[in-house]
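This report describes a structure from its overall dimensions to its individual strands. Please keep the sequence and the model in view while reading.

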Amino acid sequence: MSLPEGWEMVVGLEVHTELLTRTKLFCGCANAFGAEPNTQTCPVCLGLPGSLPVLNRRAVDLAMAIGLALHATVSPSTFHRKNYFYPDMPKDFQISQYDRPINAGGYLDLPDGSRVGIERAHLEEDTGKSTHLGGSGRIHGAERSLVDYNRSGVPLVEIVSAPDIRSAAQARAYAAELRGILIAAGASDGRMEEGSMRIDANVSVHRVGEPFGTRCEMKNLNSLRSLQRAIDYEAERQYALVASGGVVRQETRHWDEDRGVTATMRSKEEADDYRYFQEPDLVDLAPEAAWVEAVRAGLGPMPAERRARLTALLTEPTDAQLDAVGTVVDLGIDGFVEAAVAAGVEVDRAIARAANELAGDPHERPGLTGEGFAETLRLEQAGDLSATQAKTVLSTLALAGGDPAAVARELGFERMAADELEGLLERLVAEHPDEWRRYDEGDDKLAQFFTGQVMRATRGQADGKVVLDLLRARRGR
Amino acid sequence: MARLSREEVAKVARLARIALDEVELERFTDQLAQVLEHVADLEALDLADVAPTAHPHGLANVVRDDEVRASLDRAEVLAQAPDVAEDRFAVPRIIGEAP
């Protein structure tokens with residue numbers, strides 16, 4: 001999907017990320033997802049009269065880590081109250097940063113070489129979580145709303161991009177790269193499905209060379225796929241409107257993933273309706289140089305650098321290999337690959353196994369270490385484990401951990417001696433004379449037939465490559 | 001500085017969800033205007049070389065360590081709610097979404 005020649009879309013993204021702190025931004029209540037409703041609250045995050053906020057040092061560390069990873073400048077900042085009435089925010093204001101954010105001016109380079117400016121990345125508190133009862137279950141049909149304040153006061157950083165993005169695919173690439181950076185900085189777990197990273201998209205369209213059009217803000221973009229689809233839909237909607245003589249109205253629109261459309265949520269209020277004013281209960285936040293430098297020194301390598309490091313191990317990387325490198329870095333297991341390569345495993349094998357076998361949720365493989373991964377692949381490379389066996393060992397290690405060789409023994413994976421395989425092949429050839437004759441006369445497709453028979457007889461334990469070698473060796477005898 | 005208008009006071013009152021009748025609107029417009037005029041006296045001073053002051057205390061970087069403290073008992077918390085369902089605060093239905 002794209003706009004007609006001569007037209008372009010302009011996109012800016014606002015990404016909210018919850019920070020991986022133990023406690024909330026202004027009180028000592030636990031910041032943990034999934035607890036029983038309303039069990040993590042106190043007078044501060046419930047907005048009870050007389051309570052006073054005290055800033056969490058770790059949240060400041062992580063906010064600065066995000067800013068520094070995005071090449072922004074850390075500056076003295078202040079907190080403001082953003083006033084509005086809504087039941088998920090019991091104080092009737094959100095503490096945020098306004099004209100003096102902690103991080104300003106930065107950029108993010110995308111894998112395709114394009115650069116997107118970062119206007120700011122500021123600290124603020126999250127709101128409670130509402131669920132809507134009654135009617136169709138959608139917001140407008142709800143009869144009652146239920147509020148859980150466990151999330152109220154959880155630390156957030158809002159990262160605002162410059163309007164530098166020109167396509168839905170670029171927006172997606174930006175969000176994916178930013179997500180990787182947030183995880184690498186230790187600031188976020190990047191889990192969009194749990195709402196710990198949330199994206200709003202500002203979209204407008206205009207004729208190239210003319211001023212930007214009026215923008216609309218998309219909400220409810222709960223995955224990278226939704227983000228991309230919503231932006232494409234919205235740009236086309238606006239183009240169709242303008243091309244037919246209509247006018248785009250500045251408003252907030254809700255993305256409906258099931259129907260694949262955006263719909264008006266509300267007209268945009270004037271910014272000053274929030275009556276921002278300085279939070280009188282908090283003092284300035286002006287991290288001294290030593291604090292900033294300590295955070296900078298604690299930052300590990302970012303995804304771009306880690307991709308480059310893996311790519312450098314490959315001699316002439318193919319597109320598929322580059323994709324696999326991207327996947328491995330996204331999964332945060334490039335360290336596994338490096339450990340395997342250091343242990344003498346071929347780079348190709350290490351990258352392929354990491355990208356294909358460990359593609360699931362990183363939290364679902366608590367037992368796997370770089371060492372275990374490396375040793376398993378070394379056993380496979382040495383021929384002690386077949387490919388299938390190595391994969392099974394990896395998935396067993398992922399759950400329970402342990403020593404790969406011991407795990408393989410427990411699973412009953414023993415190297416099948418070549419003479420044992422020979423004996424098995426001897427028998428199979430005798431049992432299937434027609435198939436053997438055709439293979440012997442050059443029909444290579446039959447190799448698959450015999451390999452399959454061997455695998456069935458050995459319950460997958462034979463090494464397919466070894467079987468193939470033995471078959472070839474028998475030809476023409 | 002132009003004197004504060006009744007319309008501005010009415011707008012701020014509406015945003016703050018404060019109902020004012022005509023007499024109150026008149027009275028508060030007058031009172032608020034006096035406060036603003038008093039503060040506007042500062043405009044007579046040359047403050048070009050004075051850095052903005054965020055807070056009179058002169059303090060900065062008041063932070064606490066990231067250590068969990070006990071939260072309130074849920075029964076006690078929910079006792080404050082106008083209505084409760086599924087261990088949550090039940091409120092009249094919400095039109096639209098938070099800004």
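## Terms and conventions

A residue is called buried if 20 or more other C-beta atoms lie within 10 Å of its own, exposed if 12 or fewer do, and partly exposed in between, with C-beta atoms placed from the backbone. By this definition, 7% of the 99 residues in chain B are buried, and in chain A buried residues make up 42% of 477.

The model is predicted: local features need pLDDT of at least 70, side-chain atom pairs count only at pLDDT 80 or more, and totals for chains, interfaces and linings use all residues. Residues are numbered from 1 along each chain as its sequence is written, while chains are lettered from A and ligands numbered from 1 in the order in which they are written.

## The two chains

Helices (H or I, at least four residues) and strands (E, at least two) are DSSP runs, numbered from the N terminus. Chain A contains 15 helices and 15 strands. Its C-alpha atoms fill a box of roughly 90 × 55 × 50 Å along the principal axes. Two residues are in contact if their C-beta atoms, placed from the backbone, lie within 7 Å. Among contacts in chain A between residues at least 6 apart in sequence, 69% join residues at least 24 apart.

Chain B has 3 helices and 3 strands, which follow the pattern α-α-β-α-β-β along the sequence. The C-alpha trace of chain B spans about 55 × 45 × 25 Å along its principal axes. The radius of gyration is taken over C-alpha atoms, and the globule rule is 2.2 Å times the number of residues to the power 0.38. For chain B the radius of gyration is 22 Å, whereas a compact globule of 99 residues would have one near 13 Å.

## Domains of chain A

Chain A is divided into domain 1 (7-296), domain 2 (301-410) and domain 3 (418-474); such bounds come from an automatic or database domain assignment. The centres of domain 1 and domain 2 of chain A, taken over C-alpha atoms, are 35 Å apart. Their contact takes 7 residues from domain 1 of chain A and 6 residues from domain 2 of chain A. On the domain 1 side, helix α2 (residues 168-184) of chain A gives the most, with 5 residues.

For composition, Ala, Val, Leu, Ile, Met, Phe, Trp, Tyr, Cys and Pro count as nonpolar, Asp, Glu, Lys and Arg as charged, and the others, Gly among them, as polar. The side of domain 1 of chain A that touches domain 2 of chain A has 4 nonpolar, 1 polar and 2 charged residues.

## Helix α5 of chain A

In helix α5 (residues 303-311) of chain A, the residues A:Pro303, A:Arg306, A:Arg307 and A:Leu310 are buried. They lie on the same side of α5(A) because they cover an arc of only 100 degrees around the axis; the arc is that of the directions from the helix axis to the C-beta atoms. The buried residues of α5(A) pack against α2, α6 (319-330), α7 (334-342) and α8 (347-357) of chain A. The face of α5(A) turned away from its buried side carries the exposed residues A:Glu305 and A:Ala308.

## The interface between the chains

At the interface, 51 residues of chain A are in contact with 36 residues of chain B. The elements giving two or more residues to the chain A side are β2 (55-56), α1 (57-69), β8 (129-133), β9 (144-148) and β14 (261-267) of chain A. The largest share, 5 residues, comes from β9(A). The chain A side consists of 21 nonpolar, 16 polar and 14 charged residues.

Two strands pair if DSSP finds at least two bridges between them. β2(A) pairs in the parallel sense with strand β1 (residues 63-64) of chain B over 2 bridges, and A:Asn56 has B:Arg64 as its bridge partner in β1(B).

## A sheet built from both chains

Which order do the strands of the open sheet follow? The 4 strands are arranged as β8(A)-β9(A)-β3(B)-β2(B), with antiparallel pairing. β8 of chain A and β2 (84-85) of chain B stand at the edges, each with a single partner strand, so one side of each is left without a neighbour in the sheet.

β9(A) pairs with β8(A) over 5 bridges; A:Leu133 has A:Arg144 as its bridge partner, and A:Lys129 has A:Asp148. Another 4 bridges join β9(A) to strand β3 (residues 88-92) of chain B, where B:Phe89 is the bridge partner of A:Val147. Of the 5 residues of β9(A), 4 are buried, so this strand is largely enclosed by the rest of the structure.
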